[in-house]
Amino acid sequence: MSRRLMYPLALIAGVELVALGAAGLSIARRPARAVPAQGAPTAAPTAGPKTVNEFLSYTAETKTVTYKLFAAFNSVQGGFNFNGGSQGTSTITVPLGWTVNADVVNKDAIPHSAIVLADTKPIPNAPDTPGIQRAYTAHLTDGLQPQNGEDTMNFTASPAGSYPIACGVPGHALSGMYIRFVVSPTATVPSYTN
Ligand SMILES: [Cu+2]
């Protein structure tokens, strides 16, 4: 096809015509869209723990994730928060089947606890039914001691689903003291979004 014919066709197709140096007019591509690079080299995975943020780290080789849940981490929601998240605003995502070590530390002057709760609505006043086996702290209802009372939830991230992590002390979850925990069949590594 001659250039004379391509000109109007190009205009009909809506593509841009741009001058390309001394070669004169030539048909250019449509403006490039932002597409992910194809075949870009990726760093080879390295062994050892990876830090996601100040609260969460993981070891891919052993499929183990470790995170801290600070009850009343700051003053958000009047202290009814985990790591500053309340009313479901933060989400911890873990690949299905990984081993979870979740250390709960109560920074408050009043008792708090934690439970990975079956995803029921509304949030119960006194959460006591775990959505995942063994995913709750000691002193679920009366709460871990104020000022650094601590317990670790050790469990396997299964079944897949989206769960609240709520305080089990009556009234606290209803006051907004819950974030989200997602067990993902597709995620390859854990993540933490605020
Ligand atoms: Cu609480």
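Which strands form an open sheet with β8 and β10, and in what order? I opened the notebook with that and looked it up.

**Ground rules**

This is a predicted model, where local features need pLDDT of at least 70, side-chain atom pairs count only at pLDDT 80 or more, and totals for chains, interfaces and linings use all residues. Residues are numbered from 1 along each chain as its sequence is written.

**Entry 1: the opening question**

I found five strands in an open sheet, in the order β8-β10-β11-β6-β12. The pairing is mixed. Pairing has a cut-off: DSSP must find at least two bridges between two strands. I also noted that strands of a sheet pair through backbone hydrogen bonds, either parallel or antiparallel.

I checked the edges next. They are β8 (115-116) and β12 (191-193), and each pairs on one side only.

Then I looked inside this sheet. Strand β10 (residues 161-166) and strand β11 (residues 178-184) run antiparallel. Six bridges join them. I picked out Tyr 163 and found its bridge partner in β11, Phe 181.

**Entry 2: the list of elements**

I counted one helix and 12 strands in the chain. Both are DSSP runs, numbered from the N terminus: helices are H or I with at least four residues, strands are E with at least two.

**Entry 3: another sheet**

I traced a second open sheet of five strands, β3-β4-β5-β7-β9, and its pairing is mixed. Why is one side of β3 and of β9 left without a neighbour in the sheet? β3 (50-51) and β9 (149-156) stand at the edges with a single partner strand each, so one side of each has no neighbour there.

I followed β3 to its partner. Two bridges join β3 to strand β4 (residues 56-59), and the two run antiparallel. Thr 51 has Ser 57 in β4 as its bridge partner.

**Entry 4: burial and contacts**

How much of the chain counts as buried? I read 32% of the 194 residues. The count is of other C-beta atoms, placed from the backbone, within 10 Å of a residue's own: 20 or more is buried, 12 or fewer is exposed, and in between is partly exposed.

I looked at contacts too. Two residues are in contact if their C-beta atoms, placed from the backbone, lie within 7 Å. Among contacts with a separation of 6 or more, 65% come from residues 24 or more positions apart.

**Entry 5: the loop between β5 and β6**

I stopped at Gln 77, which sits in this loop. Gln 77 has a positive phi of about 55°, yet it is not a glycine. Most residues other than glycine have a negative phi, and most peptide bonds are trans. Gln 77 counts as partly exposed, because it has 17 C-beta neighbours inside 10 Å.

Gly 78 is in the loop between β5 (64-71) and β6 (91-95) as well. Is Gly 78 buried or exposed? Gly 78 has 11 C-beta neighbours inside 10 Å, so it counts as exposed.

**Entry 6: the loops on either side of β9**

I found Gln 147 in the loop between β8 and β9. Its phi is positive, about 55°, and Gln 147 is not a glycine. Gln 147 is exposed, with 10 other C-beta atoms within 10 Å.

Pro 122 is also in the loop between β8 and β9. A cis peptide bond joins Lys 121 to Pro 122, with omega about -5°.

Pro 159 lies in the loop between β9 and β10. Ser 158 and Pro 159 are joined by a cis peptide bond, with omega about 0°.
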